[in-house]
Amino acid sequence: MKTSLTLARFHLLSVWNWRTSHLSRVIEAPAYFLFMVTGLDTLVAGTRVDGMAYDDFAYAGVLVVIAVRALFWCMGDVANDRKWGVYAVARTTDVSFPQYVGSILAANTVVATVQIAAICALKQLLGRGSPAQDLRMAGLAVLVCLLTVLTGCALGFGINSYSKRDLMTSLFSLPLVMTAPLFYSLDGLPLFMRVLAAVNPFTYCVLLVRSPAADSFPAQAITGCLAAALLVLGGLHLAAGRHELASNEQG
Amino acid sequence: MPSLTVDHVTKRYRTGTEALLDVSFAVEPGTVLAVVGHNGAGKSTLLNIVSGLIRPTSGTVTADVGRGRVMWAPQRTMVDWSLTVRQNIELVARLTGTPVAAVDRVLGLLDLDKVRSRQAEYISGGQLQRVQIARALVADAAVYVLDEPTAGLDPAAGELVMEHLRGRAAAGSTVLVSSHDLDAVERTASGLVLLDEGRLRAHLPVAEFVRRAGATMKVSVVFAEPMPDTVPDRLARTLPAEWTLTTAPDRAGLAVQVPLATGLRPVLAWLPPELRVQDLSAEKQSLRDVYLARYADRTPAPETETVTVQQ
C-alpha cells in the first residue's frame, strides 16, 4: 500500500509538472456539461429523456466521458512508464505488479474524482442540482472510472510505441463516446446504432451511473459492468505475465 | 560464491536477430567487470537481461539477492521527462527505502545541483546521462549494471564515474559496465567479458586478456656513446625469436619489442654489459592497442577464453 502511494505521488507530481498539457482534463468535461445543459436542454425544452430530466441524463453522460478519458490517459501513462523506464525502475526495486497497478489506479482515480467533483459542483451552481442523487451518480461514476483506469492499464502494457498509442486513442476515443447513449437516448435510433451501443461497454457504464435517477433496478448495467470487469481483470492477468519491463522504442 | 551468474543465456528478438548465443559466466563480489565488443555485439542485450529489463529466450541470470538488489543505468535515455532531475532520483530512493539525504549526495557527486529543479526535458544530453547514473547509484546494491555510462560525459565526469564505480566494488558490490573507452576500462575493471556477434569470446582478468591477446612492450635504449661496429651484429645473433630489434642508424640507441609477459629484466640481461645506458624507457601496449590490433577487423577470435575473474 505504502509503495503504491509513493509511486502514485510521483504520478501526480508528473501531472502537476505538466499541468499546462493536462489543462484539457480540467476544461473538457465542464465545457461538455455546460454545452449540454445550457444548450441541448433548451433545445429539448424540458422533454424527459429515458424517464429523467435532460440535465440529469447529460450529467451522467459527462461523468462517463471522464471515465472514457481516464482510460486513454491511463493507457498513455503506462505506455510512457514503460518507455521512460519508470516501470522498470519500480519493478527492479521490488515493486510488485499489483503494487504498480495500484499506484496507477490511485493516481488516475484521484484525478478523475476531482473532475467528477467539479462537474457535480457545477451542476449545483447552475441550479440544476439534486445533491443526494447527484452525489450517488458521482460515486457510481468513480466506480466506473476504477474500471476504465484498470482497462487503460491493461492496454498500456501492450503499447510499445507512441504511434500505436496515438492510433488507439484517435481510433477508439470518439466512437466509444458517440456509440453509447451518453447524450441521446437509443430509442428510435437506427438498428446499427443500437447494435453498436449494445457491444459498447460504456452503454452499461452510463446506465449504471444513471440508475439513481432512473426508476428501475439497473440489472442490465450491473451485469454488463461485471462482465467488463472480469474481462479487464483477465487482461491484466495476461499483461502481468507477458510484457517486458521496458518498451524498446527509442527517445 | 559468485554474486552474479549468467548461465547459458540466449536472446532471440522477434525480428529473428540472435543477440546473444549461449553466454555463460560468473562474477565474484567486489569485481568491476567490463563488457566490451563491437557495436551490435550484444553488450546492451546482455546488460538489459542482467538488469531484468528484458527476458532471455533461454538460460538464466542469477543475482545473489541476499546481498541486495540490482541497480542499472541503460544506454538509451530512459528518464521520466515530466519529472524534475531531483524527482527522478528521489523516486528510486523512495522505492528502495534509501534516506533522502542520499539524493542530495548523489546530485552533488554528479554535479547536478544546478539543474536539480529542472524538468528532465530541459537538460542537456550529458546531464540526462548523469541523471541515469545518479539513479543507479543513489541506493546501495549488490550489483550495479551500467551500459556505457561515460558516453556523452566530459572526460572529468567520466573519470569521476569510473572512480566511483571502483569505490562501490571495493565496498563489496559487483559492477558490470560496458564501454568503448578501453583506456577507462583498463584503469577501472579487474576483468572483462568480450562479446562478438552475441558469442562470449573471452572472460578474463584485464591484464590476462592483454597478455593473451599478444600485447608487446617496446623498450627503447639510448647509449652514452655509439655502439662499437660489431655490437649490432652480435645483438641480432643473440636476439630471442619473439623479439624484434631496431637499431638507430647512428648506433646511439636501439629499440626492442618483446612480448609483454617477458618483462624488463631479460631485456636488460640481453644488453651487452660494456654498453653504458644513458636513457631507457618501456612502453607497454594497452588494452586499447591490443583490441584494435586483434579485433578491429571484426574477425572472430578462434576460441573462447575464460578464466574466473577474482579481485
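Predicted model: local features only at pLDDT ≥ 70, side-chain atom pairs only at ≥ 80, totals over all residues.
**View 1. Packing of helix H3 against helix H5 in chain A.** Helix H3 (residues 54-84) of chain A packs on helix H5 (residues 97-125) of chain A at an angle of about 155°, and their axes are 10 Å apart. Because angles over 145 degrees count as roughly antiparallel, H3(A) and H5(A) are described as roughly antiparallel to each other. The crossing in which H3(A) passes H5(A) is right-handed. Sorted by class, the contact of H3(A) with H5(A) has 13 nonpolar, two polar and two charged residues.

View 2. An unreviewed UniProt entry places the feature "transmembrane region" at residues 26-45, 57-79, 100-126, 138-160, 167-185 and 221-240 of chain A. In the model, residues 57-79 of chain A are 100% helix and 0% strand, with 34 Å between the end C-alpha atoms. Residues 100-126 of chain A are 96% helix and 0% strand, and the end C-alpha atoms of that span lie 39 Å apart.

**View 3. Packing of helix H6 against helix H10 in chain A.** The axes of helix H6 (residues 131-156) of chain A and helix H10 (residues 219-242) of chain A come within 9 Å of each other and cross at roughly 30°. With a crossing angle of this value, H6(A) is therefore roughly parallel to H10(A). H6(A) passes H10(A) in a crossing that is left-handed. On the side of H6(A) the contact is made by Leu147(A), Leu150(A), Thr151(A), Cys153(A) and Ala154(A), while H10(A) contributes Cys225(A), Ala228(A), Ala229(A), Val232(A), Gly235(A), Leu236(A) and Ala239(A). The residues of the contact of H6(A) with H10(A) comprise 10 nonpolar, two polar and no charged.

**View 4. The side of chain B that touches chain A.** Here 24 residues of chain B are in contact with 21 residues of chain A. Strand S5 (70-73) and helix H2 (85-96) of chain B are the elements that give two or more residues to the side of chain B that touches chain A. Of these, H2(B) gives the most, with six residues. By class, this side of chain B is made up of 12 nonpolar, seven polar and five charged residues.

**View 5. Packing of helix H2 against helix H3 in chain B.** H2(B), which also gives six residues to the side that touches chain A, has an axis that comes within 9 Å of the axis of helix H3 (residues 101-109) of chain B, the two crossing at roughly 135°. That angle makes H2(B) oblique to H3(B). The crossing of H2(B) past H3(B) is right-handed. Arg86(B), Ile89(B), Glu90(B) and Ala93(B) of H2(B) meet Ala102(B), Val103(B), Val106(B) and Leu107(B) of H3(B). The contact of H2(B) with H3(B) divides into six nonpolar, no polar and two charged residues.

**View 6. Domains of chain B.** Chain B is divided into domain 1, which takes in 4-69 + 141-211 + 291-306, and domain 2, which takes in 216-284. The centres of domain 1 of chain B and domain 2 of chain B, taken over C-alpha atoms, are separated by 39 Å.

How values were computed:
Residues numbered from 1 in each chain as written. Chains lettered and ligands numbered in written order. Axes fitted to C-alpha atoms, helices over the stretch in contact; angles between N-to-C directions. Helix = DSSP H or I, 4+ residues; strand = E, 2+ residues; numbered from the N terminus. Parallel < 35°, antiparallel > 145°, perpendicular 65-115°, else oblique. Left-handed = near helix turned anticlockwise from the far one by under 90°. Contact = placed C-beta atoms within 7 Å. Nonpolar A, V, L, I, M, F, W, Y, C, P; charged D, E, K, R; others polar. UniProt positions renumbered as here; feature names shortened; annotations may be inferred. Domains from an automatic or database assignment.
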